[in-house]
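Here are my notes on the model you asked me to look over. I have kept them as numbered points so that you can follow along in your viewer.

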Amino acid sequence: MTARKKERVFRGIAASPGIVIGQAVVLSREKLEITQKSIPPDRVEEEVSRFLDAINATRKELEEIRKRVLYRLGEEDARLFDAHLMILDDRVIIDDTIRKIREERLNAEYVYFRIMRDFHDSLMRSDDEYLRERGLDILDVKRRVIRKLQGAESCLVSPEQGMRIVVAHQLTPSQTIMLDRNAVLGFAIDFGGKTSHVAILARGLGKPAVVGLKDFADQVEDGDRLIVDGNRGLVILHPGKATLLRYRDLQEKYQRFLQALIPLKDLPAQTLDGHKVELGANIELPQEVESAIRHGARGIGLFRTEYMYLARRDFPDEEEQYQEYKRVAERVYPHSVIIRTFDLGGDRLVIGDMKLDEENPFLGWRSIRISLDMPDIFLAQLKAILRASERGNVRVMFPMISSVEEVRKAKELLHQAMEDLDKRGLPYDRNIEVGVMVEVPAAVMILEHLAAEVQFFSIGTNDLIQYTLAVDRGNERIAHLYTNYHPAVLKLIKRIVEIGHKANRWVGLCGEMAADPLIIPFLVGIGLDELSVTPVLLPEVKKLIRSLRFNSMKRIVDEILEEDVAQDIEARLQAYLQKEVPDILEVLLPQFQNDKNERGHSV
């Protein structure tokens, strides 16, 4: 009799919500065999033609995949493959490959592999999650072109027997969409984050997904039983009987919970005693605005603009940016969209010849500092944002502000952009609201002075927590110190709201903290005007707000700020929700008997 395998729990990143129980199908890593070969002088141009033929064949293949996505999922998800086509047709990459084939007289596979490897590696060295995930687009394009050059086909195999949970080290977007939707229960992927294409497509397919599992795929065999909890970011390998019973019960409750969310889409985020909170969405890409609207957003609380600088080797011009910003502004009208100017860092400037190597990029040349030092590029973005504001529903926000001088210099450039548009006779909102991200402790300490310069504040908790606690959340040794519940962090956030409201300034919060169900009572209780979260989480946040009373949330704020230990604050919040909304808490934050997961953190 075979001994039962031990239950093991792995923690990753919750990428697409839902819970599934099923058997695994493990997709093996694809290996490319690249050999360096010398090309005779009389066959160099033939090698160049062979390379260009592979580019053209790959373009046709990607266009077919895009059409398939368009048919199955719609334009929103189909646009994800525009980045692939843009990388494929990048003239710098193509010209560099042709030049090196001619100069070095080497085979196209080797030259193209080397150029794309360097481009990919420069992105993967970044500390920015979104930028690293764009490196996967480059990897996908590279493999497709090389397979065409080698006359090989993809080694991806679709699940064959029944519905399975797809386990892989990494999945490219095209691999994901080529899987049979009717044969896939969910995804458990080692690589990726919430903004990865796999995560976006999994949400589009309505399949639960956990990514960022590191070496999980190496621990699994075909046919192993798994539980994928896309709500908590957990994957359970070889679940025991008690765990299976608990999760089956949880599945039923979660489905009932989702059904109860449907009627809330067009209702306001209003507490039981009538207090209203604006509920917006954070988006990375323009096409995500459709998901925001579908999930009931009342505007875009954070439109990140860095995507226009990723997976390319030049800076977008004013017109290109204008068209993108205008598309979002028109789609959410009459609700507002807050466009954050680019939050590039020293670790992210890997476009073209601009490659920096800073020892500590998060304390270096980044964000508004770069914008002010590169006024021509900043002006192009400001003019594009202004042009998109014509209908009066666009607000502009400057990130990483740590001094009044930075705000004044940014506003000077904004006025310079306005003067240029006036000369060109182009319309824009002359009363456009200007705001700043509050994500540096220094900004909190001078908030009264900043309030005299801007019309609104948006709290970026991701960096505010990191800088306040001196914790690199990407460092696994100290990741447990990065917490939403530290009393210093909560007191800072409360101070921001109090000072902002005293100065009659609107205060929102767009960090990941707003997606934490436990902390919602605190955020609403301190009187934040707006919460902005990932679109797919909007219904859950709205349900929680509509199930509580504002007066009771104000009382819990006073209680938890008396605590001096983060764990005690977390326990108080959990006890509060357990008392007020036990049914919701059970679905959103299920408790487990397991004390530790495979990466050593408490579950």
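1. In this predicted model, eight strands form a closed barrel in the order β9-β10-β11-β14-β15-β16-β17-β18, with parallel pairing. Strands count as paired if DSSP finds at least two bridges between them; strands (E, at least two residues) and helices (H or I, at least four residues) are DSSP runs, numbered from the N terminus. From one strand to the next, the twist averages 25°. Angles here run from 0 to 180 degrees between N-to-C directions, and axes are lines fitted to C-alpha atoms, for helices over the stretch in contact.

2. For a closer look at one strand pair, take β17 (residues 506-509) and β18 (residues 530-533), which are joined in the parallel sense over two bridges. Leu509 has Leu531 of β18 opposite. Helix α20 (residues 538-546) packs on the sheet, where it touches β9 (278-283) and β18; contact means heavy atoms within 4.5 Å. The direction of α20 makes about 160° with that of β9.

3. Next, the helix pair. Helix α13 (residues 375-388) packs against α14 (404-424) at an angle of about 60°, their axes being 9 Å apart. Among the contact residues are Phe378, Leu382 and Leu386 of α13 and Leu414, Ala417 and Leu421 of α14. By class, the contact has eleven nonpolar, one polar and four charged residues. Here Ala, Val, Leu, Ile, Met, Phe, Trp, Tyr, Cys and Pro are nonpolar, Asp, Glu, Lys and Arg are charged, and the others, Gly among them, are polar.

4. Most residues other than glycine have a negative phi, and most peptide bonds are trans. Tyr333 and Pro334 are joined by a cis peptide bond with omega of about 10°, and Pro334 is in the loop between α11 (318-332) and β11 (337-340).

5. Which residues other than glycine have a positive phi? Met400 has phi near 60° and sits in the loop between β14 (394-398) and α14. Asn504 also has phi near 60°, in the loop between α18 (487-502) and β17. Met400 is buried at 5% relative accessible area, whereas Asn504 is exposed at 67% (buried is under 20%, exposed over 50%, partly exposed in between, with a 1.4 Å probe and protein chains only).

6. A word on conventions. Residues are numbered from 1 along each chain as its sequence is written, and side-chain values use heavy atoms, without hydrogens and water. Local features need pLDDT of at least 70 and side-chain atom pairs count only at pLDDT 80 or more, while totals for chains, interfaces and linings use all residues.
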